[in-house]
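I opened this notebook to keep track of what I looked up, entry by entry. The structure goes in first, and the notes follow.

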Amino acid sequence: MPPCGSALWRTGDSERDILRKEPIVATTEAKDLSREFLRRVHELPQGKKIDECIQCGTCSASCPTSAAMEYGPREIIAALRAGMLDRVLRSNTVWLCASCYSCTVRCPAKIPFTDVMYELKRLGIKYGIYPKRTTNAVMSEAFAEVVDAHGRNAEPKLIRKYYLRTNPFKIFGQLGLTMRLIARGRLDFLPHTIKGIEGLRKMVAAAEENGSQ
Amino acid sequence: MNTTTNTAFSYFPGCSVQGTNKAYGISTQKVAKVLGLELVELDDWNCCGATAYMSIHEKHSFILCARNLALAEKEGRDLVTVCNGCYLVLRKTSKYMAEDAKLRVDIQKALAAGGMEYNGHVQVRHFLDVVVRDVGEERVRESVTKPLAGLKVAPYYGCQIGRPFAEIDDAEDPQMMDRLTEWIGAEPVEFPLKAKCCGGMMMTTQSEIGQELSGKILRNAKRAGADCIITACPLCQLNLEGYQDAAGAAVGADCDIPVLYFTQLLGVAQGLSPKDLALADSLTPVEAVLAEKVRS
């Protein structure tokens, strides 16, 4: 078994290896991105707490996946303060957050860091800044599309969309489990659409007009 | 709405329980009936959005949840769910709407565009919490007809039942299922990874990470001497029961162990039949371990 954070957990060129060859200077664009991000985080409930980070690293030590992240949670706040958030978004980091909230409950400064991670994911989606190998982003987008279409998730449709956009051949790796689930009547192939789907769409459209993010 | 005396709830199954985790829904309804609880499926409920939708669009995600809260308010009952993911995002929405005036106004406007309203009168509950805190020790013990003496159980809570709000149980060392396990005559084992992350969605998207996280949990349960694991979340259940070979390979240990929903184990102790509890839906040898370990 590879130790956590070993090369086997990381695929492709490490963002860090590339960055080491570049001068460490925050560009104007990157600074703007960091500023926009901070403004959005400040709007989250308890979001202003982010200013009180003391760089203790409790978040990174508590995170079950930080070993595989190119930038751990503590480093993300350091990067934000240095105006280099774009590097974090281009790395594999934010989409490795499983939303377990361990960092949030342990942070001595009471920073809701899981919500900060969500905001980073949304910022990356907004500007299309996430590495191609970030399959979690693809899965989340596919999930949102299925829910927008039906008002509920439909697992077979979601999985089909996901593998078509990532690596269609990998779906064969799921065949064993799929067959076992089918044998037990645990897969429904026809999506269920809620009766109130039109009303739900009106609600979402109204929020858009209202300038939501 | 008063939660301490309620016996009737609007029930939010969630998409997983409608699909790959039907046995959780089936067993929940059966044990609820034995405990004198009425779970009425929320009419035309929609997906809560889960972590995935929250990652794409926050406000849409709050609207998805608020529509369900509005439906429950109209039905005049509190909302019970059996899924940790649904529980947290529904609770987060109700909490943030209560605490953030701007968000509340925005969401209310959106709901109104679809002809609905929500005024903050619904409590979001996890079914485990209803069983342990509302029904309570005395009545759960009374409902037991076949105590599960001899069975060692590793109660696996996952993340989003206790974190981040820790409103119904401890964030790091939750106890509800441990207590329930004792009430039905079985023995909860010391299980340090009981609230560590199973990997969630990453079991599909980053399988090497998902398999290692789930593998550590399964290995920990086995080393603690457990005969089986019980869960309170459909995604945790599927991750722990569906990938045991790969998880075992990832952590270099034997990870074969039966995994049940807590409602199934409670139902067995209440004398409900394997069919009532859909035990045959399990991917692990649940019935065999019960037959072997429970002293009758």
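**Entry 1: chain A, burial and ground rules.** I looked up burial first: of the 213 residues of chain A, 41% count as buried. A residue is buried if 20 or more other C-beta atoms lie within 10 Å of its own, exposed if 12 or fewer, and partly exposed in between, with C-beta atoms placed from the backbone. I noted that this is a predicted model, in which local features need pLDDT of at least 70 and side-chain atom pairs count only at pLDDT 80 or more, while totals for chains, interfaces and linings use all residues. Residues are numbered from 1 along each chain as its sequence is written, and chains are lettered from A and ligands numbered from 1 in the order in which they are written.

**Entry 2: confidence in chain A.** I checked the pLDDT (the predictor's confidence in each residue, from 0 to 100). The average for chain A is 87, and 87% of the residues score at least 70. Residues 1–12 of chain A have a pLDDT below 50, and this stretch has 16 contacts in the model beyond near neighbours in sequence. Two residues are in contact if their C-beta atoms, placed from the backbone, lie within 7 Å.

Entry 3: I counted 11 helices and zero strands in chain A. Helices (H or I, at least four residues) and strands (E, at least two) are DSSP runs, numbered from the N terminus. Taking the contacts in chain A between residues at least 6 apart in sequence, I found that 65% join residues at least 24 apart. Chain A is divided into domain 1 (7–127) and domain 2 (135–209); such bounds come from an automatic or database domain assignment. The centres of these two domains of chain A, taken over C-alpha atoms, are separated by 28 Å.

Entry 4: I traced an open sheet of four strands in the order β2-β1-β3-β4 (chain B), with parallel pairing. Two strands pair if DSSP finds at least two bridges between them. The edge strands are β2 (38–41) and β4 (124–126) of chain B, each of which pairs on one side only. From one strand to the next, the twist averages 40°. α5(B) packs on the sheet and touches β1, β3 and β4 of chain B, and its direction makes about 160° with that of β4(B). Axes are lines fitted to C-alpha atoms, for helices over the stretch in contact, and angles run from 0 to 180 degrees between N-to-C directions.

**Entry 5: strand β1(B).** Why is β1(B) largely enclosed by the rest of the structure? I found that it is because four of the five residues of β1(B) are buried. β1(B) pairs with β2(B) in the parallel sense over four bridges; there B:Ala8 has B:Glu38 as its bridge partner. β1 (residues 8–12) and β3 (residues 79–81) of chain B pair in the parallel sense over three bridges. In β3(B), B:Leu79 is the bridge partner of B:Ser10, and B:Val80 is that of B:Tyr11.

**Entry 6: domains of chain B.** The domain assignment of chain B gives domain 1 (8–126) and domain 2 (143–293). I noted 25 Å between the C-alpha centres of the two domains of chain B. In chain B, 23 residues of domain 1 are in contact with 26 residues of domain 2. The largest share of the domain 1 side, nine residues, comes from α2(B).

**Entry 7: one residue.** I looked up B:Arg141, which lies in helix α7 (residues 127–143) of chain B. B:Arg141 counts as partly exposed because it has 14 C-beta neighbours inside 10 Å.
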